[in-house]
Amino acid sequence: MKITKTNAMRLLEKAEIAYQVHEYPHGKEAVDGVQVAKLLNEDAACVFKTLITQANTKEYLVYMVPVAKELDLKKAAKAADVKHTEMIPVKEITKVSGYVRGGCSPIAMKKNYRTFIDQSALDCPHIYFSAGKIGLQIETAPADVISLLQITAADLLKK
């Protein structure tokens with residue numbers, strides 16, 4: 001089956017970054033990230049979800065964390081050098097990112113937001129994240145996506 005390219009894929013190609021697309025079965029709704037890792041037969045530690053927060057400064061911030069882990073908002077704020085940050089309401093995801101819940105890619109959002117990734121990504125030979133559409137994941141080297149988006153790696157996880 002032919003996969004329609006998403007904006008995230010187009011941006012990776014424009015930047016000449018090697019990637020693979022993986023498709024997984026789904027309904028119309030978002031699939032839990034841990035389930036996505038199982039469907040891809042991949043280690044959940046290397047499959048990342050994309051989360052959007054809004055800082056006390058009103059700036060939107062993007063965080064990538066392993067699907068089985070939870071973002072520590074205090075650590076997230078510290079990494080971004082802001083007082084505090086909160087998850088945006090689900091209903092605002094599309095307005096802010098241009099993507100739907102469960103298909104939110106850190107690449108090719110409506111605007112370029114400061115992006116952070118948990119430092120555990122550096123231990124993965126490849127990481128997986130949404131290709132911008134429910135049912136599609138991108139696999140690429142963490143260093144490539146970090147370089148492309150000028151992502152900051154930091155300790156972001158709740159213990």
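**Close-up views of a predicted model**

**View 1. Surroundings of Asp72.** Apart from its neighbours within four places in sequence, Asp72 is in contact with Leu156, Leu157 and Lys158, where contact means heavy atoms within 4.5 Å. This is a predicted model, in which local features need pLDDT of at least 70 and side-chain atom pairs count only at pLDDT 80 or more, while totals for chains, interfaces and linings use all residues. Residues are numbered from 1 along each chain as its sequence is written, and side-chain values use heavy atoms, with hydrogens and water left out. Asp72 belongs to the loop between strand 3 (60–66) and helix 3 (73–80); helices (H or I, at least four residues) and strands (E, at least two) are DSSP runs, numbered from the N terminus. The side chain of Asp72 reaches the backbone nitrogen of Lys74 at 2.9 Å.

**View 2. A buried charge without a salt bridge.** Asp72 is buried yet has no salt bridge. Buried means under 20% relative accessible area, exposed over 50%, and partly exposed in between (1.4 Å probe, protein chains only). A salt bridge is a side-chain nitrogen of Lys or Arg within 4 Å of a carboxyl oxygen of Asp or Glu. The nearest side chain of opposite charge to Asp72 is Lys75, 4.6 Å away; Lys and Arg count as positive and Asp and Glu as negative, whereas His and the chain ends are not counted.

View 3. Lys75 forms a salt bridge with Asp155, with the closest N and O atoms 3.2 Å apart. This pair links distant parts of the chain, as Lys75 is in helix 3 and Asp155 in the segment after strand 8, 80 residues apart. Salt bridges that share partners join Lys75, Asp155 and Lys159 into one network. Lys158 and Glu70 also meet through their side chains in a salt bridge (3.1 Å, N to O). Lys158 lies in the segment after strand 8 (152–154) and Glu70 in the loop between strand 3 and helix 3, so this pair ties together parts that are 88 residues apart in sequence.

**View 4. The disulfide and a separate cysteine.** One disulfide is found in a search of the whole structure, a disulfide being a pair of cysteine sulfur atoms within 2.5 Å. The sulfur atoms of Cys46 and Cys124 are 2.2 Å apart in this link, which is left-handed, with -90° about the S-S bond. Both Cys46 and Cys124 are buried. The sulfur of Cys104 is too far for a bond, because the closest cysteine sulfur, in Cys124, is 20 Å away.

Key: Polar contact = N/O pair within 3.5 Å; in protein donor to acceptor, adjacent residues only side chain to side chain.
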